[in-house]
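Hello,

Here is the structure I promised to pass on to you. Please have a look at it first, and then read my notes below.

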Amino acid sequence: MSFIYSTPGRVLATVGLLLRAATAHAQEEPIKFGKLDAKEAAALLASPTPDSAAAEVLCDFGQSSIQGKKDGFELRFARTARLLIRRPAGYEHATVRVYLYHDPKNGGHEEIQQLKGFTYNLTAGVLSKEPLRTEAVFSKKINERLNEYAFTLPNVRENSILEFTYVVRSPFLFNLQDWTFQQDIPVRWSEYRTVIPSFYRYKETTRTYWPFTINETGTKPYATSYREGSNSGYGSTNAGASDNVYSITTQAVTRRWAIKNLPAFHSEPFMTTRRDYLSQVDFELERIQFDPQRDPQFIVGSWPEIEKELLEDERFGQYLKANSPVTALAAVLQPMPNPTERAQAVRQLIMQHVAYDDTPASHARPGSTAKRVAEQRKGNAAEVNLLLVAALRAAGLDAQPLLLSTRSNGRIQTELPVVSQFNYVVAHVLLPDNKELLLDATDASLPPTLLPENCLNGQGRLLGPAGRWVNLMDTAPTLLYTRAQLMATPQGELQGSIRQEYAGYAASNYRRPLPELRQNWQKAHPDWQISKASVLAPDVSRPVALELTASLPGAEAPAATLYLRPLQQLVFSGNLFQADERLFPVDFATVQRFEYATDLTLPAGYAVAELPANMQLVLPDGGGRFLFNVTQPTPQTLSLVGRLHLLKTHYTAEEYHALRAMYTQALSKLAEPIVLQRQ
């Protein structure tokens with residue numbers, strides 16, 4: 001690496017060594033802005049859009065590089081894209097949004113420049129070209145650190161081809177642009193390139209469920225310069241002819257990724273947030289090293305450094321040290337001998353005094369204090385649960401904050417110590433027998449032993465002296481248990497009592513008023529007629545039980561042969577896994593258990609002619625099982641049992657076929673009839 005320090009007309013010094021390495025061949029850009037002609041437009045229009053989508057991306061091309069500027073370096077990100085609009089439903093894609101970061105402390109901000117756009121329309125072989133107008137460009141503030149810059153291309157109609165290009169200049173070297181290849185509409189070609197000089201190193205993370213068409217690394221010569229104002233001797237910096245100019249030559253690492261023929265992204269059932277599934281590449285500035293003879297400056301720190309930073313942060317650490325009326329009340333609980341019961345009592349105390357405002361957060365709001373939150377009796381997740389940690393400590397318990405990312409926020413990259421990955425915090429309590437409790441005080445419908453379902457997302461980071469990763473998934477299942485006592489009539493009517501219990505995480509979801517529970521059950525089982533309903537929900541540590549007296553109508557007159565399907569009429573409605581193929585993993589928050597037991601009394605004068613065969617199915621590697629069993633304790637009674645247990649929270653796309661097959665076979669088995677014959 002060579003630095004040339006100069007003033008106008010004179011080279012003063014040369015420092016360093018020029019690194020020599022093989023260079024990557026220059027690659028032709030996949031799109032040239034403004035170079036579309038009628039022949040090419042006709043060919044694009046003649047090519048069918050995948051899945052008959054309302055719009056598609058023909059090409060999306062981005063490039064990032066680091067360049068010298070006044071007083072240092074900047075990131076430059078250039079993007080050029082071309083889209084095809086097929087139908088009015090795709091017109092929304094004529095509006096493009098660019099998000100620009102700014103620092104409210106030092107005033108630095110990102111800028112968009114060289115913005116241009118065209119709308120092409122082909123009519124009778126003639127291609128018109130209408131430019132983007134200034135009045136179609138808007139900007140607005142999103143929050144204290146983010147602005148939105150939006151523009152809308154003109155005169156869009158069916159079969160319009162849209163094209164735009166822009167450059168973003170950023171003084172924030174940590175903010176190397178990420179790139180997302182897949183979009184909500186099909187993408188024919190998406191490509192991203194970076195050119196990073198050797199003195200900057202970024203940690204790169206790629207995620208994709210589609211293979212890269214191109215994934216290349218190379219090197220190339222790199223040269224840039226930046227200008228540094230000279231000091232005037234009076235505490236200020238002069239700009240102008242006396243500026244110091246640094247010219248730099250070194251080697252740069254080049255990266256190139258491309259994916260072709262991407263389908264539109266569609267969410268599938270049982271997924272976390274879409275960001276976990278989109279094909280993308282992310283970056284984090286890892287280190288800076290201008291002088292090979294000196295140690296590098298590491299930007300991505302360690303987890304102990306993250307902890308130190310958090311404990312010094314007034315929006316985090318102050319809550320762990322603050323005294324408030326609530327922590328004073330918690331201190332009174334110290335004499336309780338059982339630490340588990342003491343911790344649960346502290347949680348109950350917090351929920352009595354501070355309500356959750358439905359805002360997930362890993363930090364308190366700016367200007368917020370523990371005392372103010374206690375006085376206002378409301379706070380975000382961090383304010384509530386950091387207050388919980390402080391109260392647990394006041395009660396004499398070993399409590400530490402545990403950071404996590406909710407399912408709606410996305411998975412954690414455990415190898416990357418960056419606090420911005422987290423959006424939630426809960427309390428961790430280490431008990432004297434080395435057992436541990438995870439506590440959250442935001443949801444009163446849950447027992448103390450369960451975190452909110454949205455928190456069940458892989459692992460959380462425990463802070464404190466024993467900082468480590470903690471598994472969040474070893475928890476209660478979602479359990480639905482149905483017990484029915486039914487009697488059949490000669491007309492084939494079923495009548496009797498049905499008790500449906502919701503346990504584990506299902507209990508929280510179904511801890512609702514009786515009218516709502518009854519309406520939901522009736523909606524799921526529309527053929528049943530309910531004559532009586534009641535609900536038992538003693539406390540949050542017990543299951544919710546819905547008790548019904550109901551009947552399922554039969555025929556108008558007795559029949560010589562009856563076909564009864566009691567379990568089919570009680571089970572979950574519909575197949576959870578309807579798609580023949582699945583690209584993404586199946587991701588449950590908890591294991592799923594469905595259990596059904598029915599005692600059936602036969603009508604007088606009828607005997608069993610045919611019973612469904614018993615069945616047992618097992619998924620590979622203990623992934624799940626299904627059991628169906630029917631017995632006949634007496635000539636006039638039958639006992640039917642069906643159990644479906646999905647024992648993993650994560651099934652890969654390769655495991656999906658076996659999972660779907662077992663579920664489908666289970667539904668078919670539960671739908672098989674019991675055949676009764678009149679004697």
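A residue counts as buried here when its relative accessible area is under 20%. By that cut-off, buried residues make up 47% of the 679 residues in the chain. Please keep in mind that this is a predicted model.

Let me begin with the overall picture. The chain has 10 helices and 39 strands, and its C-alpha trace spans about 115 × 80 × 45 Å along the principal axes. If you take the contacts in the chain with a separation of 6 or more, 73% of them join residues 24 or more positions apart.

Now to helix H1, which runs over residues 38-46. Which of its residues are buried? They are Ala41, Leu44 and Leu45. These three cover an arc of only 95 degrees around the axis, so they sit on the same side of H1. As a general point, an α-helix has 3.6 residues a turn, so residues three or four places apart point the same way. Lys39 and Ala46 are exposed on the other side of H1. As for what covers the buried residues of H1, you will find several strands, including S3 (55-69), S4 (72-85), S6 (111-123) and S7 (126-131). Strands S10 (160-170) and S12 (187-197) are also among the elements that cover them.

Helix H5 (residues 339-353) and helix H7 (residues 381-394) have axes that come within 10 Å and cross at roughly 135 degrees. Because of that angle, H5 is oblique to H7. The crossing in which H5 passes H7 is right-handed. On the H5 side, the residues that meet H7 are Ala343, Val346, Arg347 and Ile350. Their partners in H7 are Val384, Leu387, Leu388, Ala391 and Leu392. What kinds of residues make up this contact? Eight are nonpolar, none is polar and one is charged.

Last, a single residue for you to find in the viewer. Tyr510 lies in the loop between helix H8 (505-509) and helix H9 (514-524). Is Tyr510 buried or partly exposed? Tyr510 has a relative accessible area of 33%, so it is partly exposed. Setting aside its neighbours within four places in sequence, Tyr510 is in contact with Tyr502, Leu517 and Val544. Ala258 is 252 residues from Tyr510 in sequence, and their C-alpha atoms are 46 Å apart in space.

Key: Residues numbered from 1 in each chain as written. Predicted model: local features only at pLDDT ≥ 70, side-chain atom pairs only at ≥ 80, totals over all residues. Heavy atoms only, no water. Axes fitted to C-alpha atoms, helices over the stretch in contact; angles between N-to-C directions. Helix = DSSP H or I, 4+ residues; strand = E, 2+ residues; numbered from the N terminus. Parallel < 35°, antiparallel > 145°, perpendicular 65-115°, else oblique. Left-handed = near helix turned anticlockwise from the far one by under 90°. Contact = heavy atoms within 4.5 Å. Nonpolar A, V, L, I, M, F, W, Y, C, P; charged D, E, K, R; others polar. Buried < 20%, exposed > 50% of the residue type's maximum accessible area, 1.4 Å probe, protein only. Arc of directions from axis to C-beta.
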